[in-house]
Structures are given as structure tokens and as C-alpha cells.
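Hi there,

Here is the structure I promised to pass on to you. Have a look at it first, and then read on for what turned up in it.

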Amino acid sequence: MVTIDVDGRRYQVEAGQNLLQACLSLGLNLPYFCWHPALGSVGACRQCAVTQYMDADDNRGRLAMACMTPVSDGLRISLQNDAEKAFRSGIIETLMSRHPHDCPVCEEGGDCHLQDMTVMSGHHRRRYRGAKRTFHNQQLGPLVRHEMNRCITCFRCVRFYRDYAGGHDLHAMGSRDRTYFGRVEDGNLESPFAGNLVEVCPTGVFTDKPHGESYSRKWDLQSAPAICVHCSLGCNISPGARYGRLKRVQNRYHPDINGYFLCDRGRYGFRFTDPDRRLLQALQRTEEGEETLSTGNALSRLWHRIKQADQHLIGIGSPRASLEANFALRQIVGAKNFYAGVSAVEDEMVRLVLQLMYSGVRSASLREVEQADAILILGEDLIHTAPRMALSVRQAVRNNQRRQAEALHIPLWQDQAVRNLSSIALSPCFITSSYRTGLDEVASGLWRNSPQSQTLVADLIANKINEIPSLSKTHSEGMQTWAIMVADALKQARKPLIIAGCSTQYPALLAAAGRIMTALKSHNPAARSAFVLPECNSLGLALLTDNDHENRLEDAFDAAAQGKNHLILLENDLYQRAAPQQVDQFIGQLGELTLLDYQRQRTFSKADLVLPVTPFSESGGTLINNEGRAQYYFAAQPPAPGTMMSWHWLWESRHEARPVDENALHLLQQCAASDPPLARLTELLKQLDLSTADGRLGYMQLPRKSQRYSGRTAIDAADDVREPALAQDAQSLLSFDMEGVPPTQVRDLQLSRLLPMSWYPGWNSGQSVHKFMQEYSDGRPGSGVLMLQPAADHESDLTTLQPDTEVQQTSDQSLTLVPRHYLFGSDPLSMDSPPVASLAPSSCLMLHPEDAQRRGLNPHDLVRLESSRFHLELPIKTDNTLAPGVAAIPWNLPDQPWLPLPQQVELVVVQRSNLIARDGEEPADG
Amino acid sequence: MLSQLRSLWKVFQHSFTPPDTVQYPEQKPYLAPRYRGRIVLTRDPDGEERCVACNLCAAVCPVDCIALQQGLDENGRWQAEFFRINFSRCIMCGLCEEACPTYAIQLTPDVEMCEYDRQNMVYEKEHLLIAGSGKYPDYNFYRVAGKDVGVKTKGSGDNEQPPEDYRSLLP
Ligand code: SF4
Ligand code: SF4
Ligand code: SF4
Ligand code: SF4
Ligand code: FES
């Protein structure tokens with residue numbers, strides 16, 4: 001802590017930061033553009049000028065850029081004297097001199113840092129009379145719109161896109177006042193984090209393209225603190241809704257998880273919640289046909305079914321449904337009859353992760369991932385399976401540089417200076433995978449081979465670290481040296497990190513990763529592991545089914561065969577979980593299939609009673625992320641007419657006609673009480689309980705609408721000129737109102753992390769987030785609760801899981817078929833969102849060109865995959881980033897059947913492509 | 001005493017002044033062109049809708065009686081997909097007109113808006129849109145703005161330089 005003097009007042013601030021950051025965290029208003037908390041300072045815009053004085057007697061001082069000035073004890077500055085104010089308004093006037101007259105038709109307007117800073121600096125009339133500079137724009141794909149005229153040359157975009165996120169296709173081009181930020185030519189932005197440009201750019205150069213097609217101003221959005229549902233990391237988001245649908249998703253700061261950035265799947269995947277894409281009507285299907293039901297009718301049918309089925313009732317839960325929904329279903333059908341709605345292999349792998357977490361392998365938050373100084377990634381293509389984690393790994397590999405910078409006394413916020421240490425090698429990062437991953441370019445070592453081989457090398461690494469007996473005696477020399485190199489790096493590191501997960505569908509690899517983790521843990525207590533799970537609540541579902549009953553999906557199939565044939569299926573598509581024949585047979589055995597879902601997925605057409613439920617945007621609930629952190633998410637808008645939250649349908653049907661007075665929090669309470677592994681939910685409840693918060697809130701709720709929400713008396717007037725009553729959310733910390741706790745009090749009440757969206761008087765854009773920074777400690781509302789406490793008596797025996805030796809024998813002709821994950825494609829929810837679907841790959845079989853050549857195959861030939869378990873016809877695509885002997889198939893595309901992978905397959909040509917490839921040239925697609 | 005008598009006398013005098021009241025509706029009083037009555041949406045000199053769906057009128061409206069949704073035409077021009085004013089709430093304050101950056105929304109001297117059914121006071125875009133440009137005949141926002149939405153090409157608007165060639169490295 002150091003003391004600084006600002007305009008005659010003394011403040012205590014954290015040492016080691018720059019003056020701008022210090023002033024902002026004190027709540028002082030100091031305009032700036034080029035500084036960003038995650039990107040550091042470059043001193044490019046000159047907007048943050050202050051006057052710095054030599055000592056107490058100095059009364060002239062000199063101008064200094066706050067973002068480039070380190071705080072030091074006794075530093076004396078002024079923000080409000082004429083000299084620095086005149087300088088700052090001069091800067092903004094020049095920046096604005098040729099700014100286009102666009103605000104009314106600019107998607108940034110009302111959410112614009114440039115607008116805020118202009119107002120803050122007091123510039124309001126253009127004196128410049130010359131002509132304005134213009135630029136042509138570029139087409140940057142379906143996600144981001146480009147309007148170059150609005151640029152103020154702060155360089156934040158390229159600093160984020162290239163330096164922070166490792167993108168290659170966005171450049172600063174040209175010279176002097178022609179500097180242009182764009183691609184060499186039109187085309188989709190390649191980085192999976194391109195959407196962050198929308199928030200990083202302080203002006204309207206990069207804006208959210210899908211939002212711009214049906215745009216609403218920030219002040220017109222009704223927002224909520226929510227959790228992203230598109231992967232297992234649980235990034236915090238702020239979805240904004242208007243006119244009954246979500247309009248956009250923006251980042252919501254969480255220091256331990258997503259920080260300031262989201263991935264593009266999370267930002268653009270939400271359109272599956274659009275009312276026109278969803279189930280909104282309860283229906284019953286009989287022999288005679290389809291019949292729509294009113295909510296009351298649907299409820300009593302459900303009640304009847306539950307009553308009648310009695311002993312024959314089973315329920316299948318879902319890893320994408322909230323803890324509450326799964327718990328409610330389990331209560332209805334009984335724990336014995338509640339089955340995990342995931343494939344057998346996925347179930348096995350998630351349980352393995354749980355076992356590892358219980359036995360004391362500490363799982364890392366993304367913030368901890370960023371601190372690692374040696375990383376081993378086993379079988380995960382993070383960009384596609386846990387995208388935000390990939391961004392954290394990219395930061396972690398620079399830790400060597402940072403350490404060097406610290407040794408040279410360069411402050412870390414001096415971004416360019418630290419990056420100039422580029423001769424320093426990156427921190428070690430090793431990746432095993434069957435194909436090129438998005439992080440290969442920052443890796444110091446790659447093991448690109450089949451999953452079996454990856455398992456063997458992982459096992460050998462564990463052996464090299466701690467003499468754990470190795471599974472196999474015969475290792476190639478290459479494998480030996482690679483394993484020794486990795487083991488040494490991990491042993492030398494201060495904070496080594498192992499990342500593994502479920503995307504390979506290969507439990508033996510995860511078990512081998514577990515062996516490394518256990519070995520490393522005894523070697524270095526600071527060692528961490530991070531797991532990638534398949535879906536947003538995979539861990540929650542596993543914890544709910546964590547008992548001795550047989551409750552895998554296969555067991556449900558058996559139960560049906562034995563006559564338990566009344567199924568309630570919760571937010572799940574069985575065709576995504578098991579082979580189609582198996583599911584068909586199962587459904588054939590069922591007497592009744594009740595489906596609660598919002599998506600028109602494949603199982604929907606087979607259900608005979610369909611109850612429309614709400615997606616995340618209209619529900620509250622709890623999800624447990626990959627770290628074991630339970631986080632509660634709030635609805636951005638009330639349920640669409642005719643729909644209810646899943647647990648609400650189930651709960652209400654229990655009481656038949658009686659109205660439900662319970663809310664989701666009561667459900668959580670019961671869940672915490674009945675399930676020892678979930679006992680820590682009580683901590684989460686404390687964070688959410690209005691009655692304990694009451695004293696702090698003064699009986700106010702946090703409003704979901706902004707203070708300037710417009711159109712209140714006109715929105716519904718077309719249907720009925722009388723205004724409807726406001727939707728109530730009585731038990732919750734949040735209301736659907738415009739009034740309540742003002743943003744100026746949020747920080748004092750320690751509710752920063754529950755803010756529906758970031759806004760502060762004078763700070764309309766997302767940059768207002770610094771107004772809500774506070775010393776966060778776990779336990780504050782909105783921080784989430786870590787659920788898993790390692791237990792001493794949990795010893796996991798990981799040596800039993802061996803690589804599949806049967807699969808290992810590769811005949812000359814057979815290939816190992818592995819699943820390949822896609823950021824846009826492998827998540828069925830976001831595939832219902834047009835911007836994401838438009839970027840997804842089509843179904844194909846990827847082969848190494850040599851493998852194709854050896855079999856006389858050409859790209860686009862149609863082949864049949866033959867294995868002991870399935871047949872499938874697919875066109876070929878050659879890809880030289882695949883390991884030889886490995887074939888890959890895009891995982892989990894909506895139109896593709898579920899496949900048991902990895903699997904040995906043979907290829908049979910069905911049809912030759914008539915697109916003849918000339919030497920070394922790939923025929924164009926289509 | 002004297003002042004009371006004077007007051008009585010004044011009142012008495014008023015019995016002989018000609019009345020201000022006119023026989024409405026047969027006779028109509030004069031309302032200035034800037035009088036604040038029924039709201040219209042106007043068109044620009046090219047005959048296109050002026051409103052760019054910027055939402056500023058809705059934001060400024062003290063009774064929140066304007067609701068609209070932006071949409072894009074094939075050239076990327078911002079337009080209101082729907083535009084609704086609930087006149088049963090409107091207080092004819094004119095703030096929307098003042099906030100409008102395009103002169104699209106204007107108040108007119110028409111005040112005869114009585115209805116038996118309150119629902120009829122809800123006006124949609126087709127009821128609000130007129131054929132002409134109202135009080136500001138010459139202004140076309142998209143000639144002044146930087147965006148190219150089919151009204152002018154980049155660099156050919158009012159007070160604009162031709163587009164820069166960012167491939168040039170000349171000083
Ligand atoms: S970038 Fe900001 S200041 Fe510029 S036109 Fe857009 S809203 Fe206005
Ligand atoms: S495009 Fe945006 S972020 Fe990039 S330099 Fe211009 S204003 Fe800054
Ligand atoms: S005149 Fe006033 S009350 Fe009526 S719509 Fe305009 S701003 Fe609203
Ligand atoms: S302020 Fe003018 S341009 Fe903007 S939405 Fe209202 S009428 Fe349309
Ligand atoms: S923020 Fe300090 S110079 Fe740009």
C-alpha cells in the first residue's frame with residue numbers, strides 16, 4: 001500500500017499498479033482510451049493526462065500520462081486543474097474532429113466509451129470545419145460488423161486480437177491518419193474470440209452484427225446475471241432481452257473465471273432461445289394425432305401419468321438442465337429410478353473426474369490456469385472444447401516473460417515493454433492430441449498420435465515423475481525422450497498444471513492424466529489440474545446421481561426392458577447419447593414418453609406428452625462448472641406464455657391443483673439437505689437469500705431494467721392499451737423493475753457480481769466495470785461456491801483403467817476414428833443459433849493425405865465406415881494436420897448419429913467423386 | 001373597502017367584453033404551425049422514411065409512450081420495424097421532436113384526437129407516417145452521416161473526403 005495525493009486528498013492505494021488504474025479503482029473519473037485492465041498500458045491516446053507535482057511545494061507541476069506513471073509513495077497529482085483539463089479536452093476535440101455523424105445509427109451508441117469520454121471531457125461543439133476522413137469497410141463474417149470511419153486509433157483491437165488472443169488476421173495497416181484496422185482482404189475473422197472486439201473497441205468500429213440486425217439500445221435491455229450454458233467452464237454473462245427475446249450476450253466480469261472476455265460460442269450461441277425456434281405449446285400425441293393442451297390440462301395429464309405409472313416410472317436427467325430441474329425430477333421418480341442422461345462413456349469419465357477431485361487433486365480456476373508456468377494438455381483441443389480456457393493458457397505461456405520482466409523491474413502493465421522480451425522462451429506447454437489443436441503454435445512440445453499412444457505417453461510421464469509403475473514395458477525411444485522432457489519440465493515448474501478432459505471419449509487417457517496429477521501432487525503441492533467436462537452441468541448431474549444405484553443410461557434401457565416403461569425425459573435428446581438403434585429400441589419399449597424441453601430435437605418427435613420449458617434466459621437455477629463451482633443464474637425475462645421452468649412443471653404436478661408457493665431456493669435447500677455431496681449448497685443459498693440480504697438492501701431488489709428503460713406504456717399497447725402488471729420475482733434478489741438498488745450503492749452493498757449489466761452514471765459502456773471492482777472474496781453474492789471438498793478417505797485407484805489393447809492393434813487397413821470437436825458445431829444448443837450454425841463444418845471424414853493416398857482415395861469420395869459397431873457413409877476430406885493412422889469426424893453435429901468413439905474402422909468406397917483433383921490441388925467446396 | 005368596490009366594478013366591466021370562446025367545432029381557433037399536437041413521422045426529400053430507429057425519442061419520452069424496433073433494409077439502412085405511440089399516454093410535450101436527430105418525428109397542430117375507445121389511441125407506424133417532410137424540407141440525415149446505406153457512397157456525403165487508401169505508405 002502506498003499513499004498518493006490527488007487534488008489535495010490523500011488515498012491509500014495498492015502498490016505496483018499504474019496511476020490510471022489507481023484513480024479508477026478509487027472511483028475517480030479520469031478519461032482514457034487505450035488502457036485496458038487486461039491489455040495493459042501503451043500510452044497511445046494521451047487522454048489520461050494528469051498534472052504531476054514534484055513535491056508539496058511544487059505548484060506548477062508537469063503533465064503526465066496516468067496510465068504510464070507507476071504509483072509511488074507520496075505521489076502528488078491533480079486531475080481537476082485547468083492545465084490538465086484543457087489538455088484532455090484538446091485531445092478529445094482532435095479525436096472527434098473527423099468523427100462521423102453516426103451516433104443515431106451506431107450500434108455502440110448508448111454503450112459507447114467514446115461518447116462517455118467526450119461528455120466527461122466537456123467537448124460538445126465541433127470547431128473543425130474541414131472535410132472528414134472516410135474509409136471503406138470490410139465484410140468480416142457473420143459475427144462482427146466493421147465501420148472504420150469511427151476509429152480513434154487507440155490500437156486496443158489489435159492488442160487484444162493479436163497480442164492477447166493470438167489471432168493472425170487482424171492488422172493495423174497504412175500510415176499516419178490513414179491507419180486502418182482490418183484484414184488484408186474481406187473474410188471471416190478467424191479468431192474464436194473475435195466477438196470480444198465488440199467490447200474491447202471503445203468506439204463503434206467493431207459491433208455485434210447479429211444484434212445489429214434487430215437492435216435495441218443498452219438502456220432498453222432487461223438483463224440478468226447469468227451463466228453461459230455452452231461449455232463446462234461456466235463463464236459469467238449478461239444476456240439482455242427486449243420484446244420477449246434475447247438481443248445480445250455480453251461479458252460479465254468474474255475474476256476467477258472469464259475475467260473480461262468470452263468466446264464466440266458463448267456470445268453468439270444464445271439464439272436457440274428465440275421464441276420462434278422453441279417449443280411453446282404443450283402437446284399430446286395419440287394414435288389420432290396431435291393435440292395442443294392448455295397449461296392446466298397439461299399439468300393434470302402429467303399428474304395423472306405420474307400417479308398411474310407408480311412403480312413403472314423412470315426419469316432421465318440432463319447435463320444441460322439446472323441442478324434444481326434434475327433434483328425435482330429425481331424427487332418425483334425416486335433416486336432408484338433416476339438415470340443420468342449421458343452416454344455410458346461420458347458417465348464413466350465424469351465420475352473419474354469426480355473421483356480425482358475428491359482424492360485431493362485441486363482443480364484450477366481459470367485465474368489459476370493463467371498463473372501456471374508449465375502446462376501439459378492431454379487430448380483436449382481447448383479452443384473447441386473449453387474455449388475460454390485456451391485463452392487463459394495463452395496468457396500462462398507468457399509467464400516466463402513476466403518473470404523476467406519482474407526481475408528487470410518492468411511493471412507488468414507496461415505491456416509493450418514486457419512483450420519486447422520476446423527472445424525469452426515461452427513457458428513450457430505440452431500438448432498431446434490426435435490432430436492439430438488451436439494451441440499448437442504456443443506449445444513447446446507436441447505428441448500427435450492416436451488416443452492409445454497418448455495414453456501410453458501420459459502413463460510414462462507419470463512414471464518419470466514419481467516412479468509410478470508404468471502400464472507398458474515397451475516404449476519407443478521417441479516416447480521415452482518426450483516423456484522425460486515433459487516430466488522434467490513439470491517437476492521444475494513452480495506451478496505446474498495438467499489439463500485433461502472428456503472430449504476424447506477415452507477414459508484410459510483421463511485415468512493416465514489422473515496418474516500424472518497424483519504423482520505431481522505428492523511432488524509439488526502447488527500443482528493444479530483443470531478438467532474439461534462435456535456440458536455446463538455435467539458435474540452437477542454426476543453429483544446428483546452419485547450413489548450406489550445403477551443409474552447410467554444403459555441401466556435405464558434395461559429397466560425399460562423389464563417393464564419400467566413410463567419415462568419422464570428432462571431437457572435431453574437421447575439420440576445425442578446413444579446409438580440410434582438402441583434409442584429406437586428403448587423408445588419402442590416405452591409405454592409413455594413425457595418430454596420436458598425447449599428444443600425441437602430428435603427425441604421430440606417421439607414423445608407423446610411434450611411440456612414446453614424455459615431455456616436459461618427465462619429460468620433461474622444452479623450449474624456446477626468444471627472447477628466444481630456452483631453458480632446461480634437468474635432469468636433475464638419471465639417465462640414465455642405457456643412455458644414454465646422444468647422444476648416448476650414437475651413440482652406443480654405433485655400438488656395437482658394447489659398453487660405452488662415454493663421457489664427455486666426451497667428446492668436448493670432440500671437438495672443440500674438430502675445429498676451430502678451437495679451440502680455446500682447452503683453456502684450458495686446464503687449468498688442468494690433475500691432475508692439475510694434484506695438488512696443490506698433496505699428491502700429493495702436489484703432492478704433488471706435500466707433506469708432509462710423506454711416504452712413502458714407502449715410495448716404491450718398494441719394488444720391491450722391497459723398496461724399489464726409487472727412480472728414479479730418476489731423471493732429473488734432481482735426484480736423485473738426499473739427501480740431498486742441504484743448502481744451507485746451496489747459496491748457498498750457488495751452486490752457487484754450480481755449486477756445484471758454494468759452501468760454507472762457517466763459510464764454507460766461496459767468500461768463502467770471498474771466502478772464495481774472491489775476486493776472480492778469467495779462468499780460474496782455472485783461469486784459461486786466450490787462444492788467439492790477433497791476427502792481424506794478417498795483414494796482413487798487409477799491403475800485399473802488401461803488403454804484398450806484391442807483397439808491398439810491396428811491392422812494395415814484399419815484406422816482409429818476419433819471425435820473432433822468444433823467450437824461452432826459440437827454444441828447442439830448453439831447450433832440452433834443461426835450465426836453459429838453458419839460457421840459449422842459439414843459432416844465428413846477427415847483423413848491424413850497419406851492415408852488417403854495409400855487407400856487410393858481422393859477428397860470428396862464417398863466412403864462407408866465399417867466397424868464392429870456401426871456403418872456410416874461420409875465424404876472424405878484430407879487434412880494433413882491429423883496424425884497418420886487416425887481418422888476424425890466432427891463430433892456431435894445435429895444431423896449426425898451418435899457414434900461410439902474412438903473406434904477402429906475400415907473404409908469402403910461407395911462413390912468416387914467426379915471432382916477430379918489436379919496435382920496437389922483441392923477441388924473447391926460445393 | 002375601496003379595493004373591494006374596484007374589484008366589483010372590474011368584474012362588472014367584463015360582462016361587456018367580447019368572448020374569447022368560439023363555437024367549436026363549427027368555428028376553429030388559430031393554432032400556430034409549431035403547436036404541439038398529434039405526432040407524425042415524416043419522410044426525407046428523397047421520399048424515404050426519415051426515422052432511423054435510433055430510439056432517442058423513446059428514451060426521452062417522460063411517459064414512455066413510444067416503443068419501436070430497429071431493423072435493416074437490404075442496403076443496411078436502419079428503419080423502424082414497428083413504431084408505436086400510445087397517444088392515450090402522450091402529454092404532447094414535444095421532447096421527442098427535440099431529441100430526434102433526423103427531424104423524423106414532428107408534432108403537428110392537429111389536436112382533434114378524441115376517441116370513444118381508448119384502444120384506438122394506439123397509433124402504429126402506418127398511422128403515423130406521412131408523405132411529406134413536414135417542417136424541415138431539406139434535411140437528409142444519411143447525407144450527413146458517415147455510413148453508406150445506399151443514399152451516398154463512402155466519401156461523397158456532405159463534407160467528406162474520398163475514402164483513404166490504407167495500402168499507401170506515403171507520408
Ligand atoms: S462510435 Fe460512439 S461516438 Fe462514434 S458514432 Fe458510434 S456511438 Fe457515436
Ligand atoms: S478499431 Fe476500435 S479498438 Fe481498434 S484502434 Fe480503432 S477505435 Fe481502437
Ligand atoms: S410528445 Fe412528449 S409524451 Fe408525447 S410522445 Fe413525445 S416525448 Fe412522449
Ligand atoms: S428519435 Fe427520430 S430517428 Fe430516432 S427513433 Fe425517434 S423518430 Fe426515429
Ligand atoms: S489511456 Fe493513457 S494514454 Fe491512452
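Before we start, one definition: helices are DSSP runs of H or I with at least four residues, and they are numbered from the N terminus. Please also keep in mind that this is a predicted model.

With that in hand, take helix α9 of chain A, residues 323-333. Of its 11 residues, 10 are buried, so the rest of the structure largely encloses this helix. Among the buried ones are Leu323(A), Phe327(A), Leu329(A) and Ile332(A), and also Glu324(A) and Arg330(A).

Next, a sheet in chain A. It is open and has 5 strands in the order β2-β1-β5-β3-β4, with mixed pairing. Which strands stand at the edges? They are β2 (9-13) and β4 (62-65) of chain A; each has a single partner strand, so one side of each lacks a neighbour in the sheet. On average, neighbouring strands here are turned by 40 degrees against each other, direction ignored. Strands β1 (residues 2-6) and β5 (residues 75-78) of chain A run parallel and are joined by 3 bridges. In this pair, Val6(A) stands opposite Ile77(A). Helix α2 of chain A (residues 82-97) packs on the sheet, where it touches β3 (49-53), β4 and β5 of chain A. The direction of α2(A) makes about 155 degrees with that of β3(A).

Now for some backbone details. Most residues other than glycine have a negative phi, and most peptide bonds are trans. Here are some exceptions to look up:

- Glu571(A) is not a glycine, yet has a positive phi of about 35 degrees. You will find Glu571(A) in the loop between β24 (566-570) and α21 (580-589) of chain A, and it is buried, with a relative accessible area of 6%.
- Asn55(B) has a positive phi near 75 degrees and lies in the loop between β1 and α2 (56-60) of chain B. Asn55(B) counts as buried at 2% relative accessibility.
- The peptide bond from Leu901(A) to Pro902(A) is cis, with omega near -10 degrees. Pro902(A) is in the loop between β36 (886-890) and β37 (903-911) of chain A.
- Tyr24(B) and Pro25(B) are also joined by a cis peptide bond, with omega about 5 degrees.

Ligand 4 is surrounded by 13 residues, with Cys51(B), Cys54(B), Cys57(B), Cys100(B) and Thr102(B) the closest. Its shell divides into 11 nonpolar, 2 polar and no charged residues.

Finally, the aromatic rings. Over all chains there are 25 aromatic pairs. In one of them, the rings of Trp447(A) and Trp482(A) have centres 5.6 Å apart and planes at 45 degrees, so the pair is tilted. Trp447(A) sits in strand β21 and Trp482(A) in helix α17 of chain A, 35 residues apart; both are buried. How are the rings of Tyr103(B) and Tyr136(B) arranged? Their centres are 3.9 Å apart and their planes at 10 degrees, so this pair is stacked. Tyr103(B) counts as partly exposed at 33% relative accessibility, and Tyr136(B) does at 23%.

Happy exploring!

Notes
Residues are numbered from 1 along each chain as its sequence is written. Chains are lettered from A and ligands numbered from 1 in the order in which they are written. This is a predicted model: local features need pLDDT of at least 70, side-chain atom pairs count only at pLDDT 80 or more; totals for chains, interfaces and linings use all residues. Side-chain values use heavy atoms; hydrogens and water are left out. A residue is near a molecule or strand if one of its heavy atoms lies within 4 Å of it. Ala, Val, Leu, Ile, Met, Phe, Trp, Tyr, Cys and Pro count as nonpolar, Asp, Glu, Lys and Arg as charged, and the others, Gly among them, as polar. Two strands pair if DSSP finds at least two bridges between them. Helices (H or I, at least four residues) and strands (E, at least two) are DSSP runs, numbered from the N terminus. Axes are lines fitted to C-alpha atoms, for helices over the stretch in contact, and angles run from 0 to 180 degrees between N-to-C directions. Contact means heavy atoms within 4.5 Å. Buried means under 20% relative accessible area, exposed over 50%, partly exposed in between (1.4 Å probe, protein chains only). Rings of Phe, Tyr and Trp (its six-membered ring) pair if their centres lie within 6.5 Å; planes under 30 degrees apart count as stacked, over 60 as edge-to-face and the rest as tilted.
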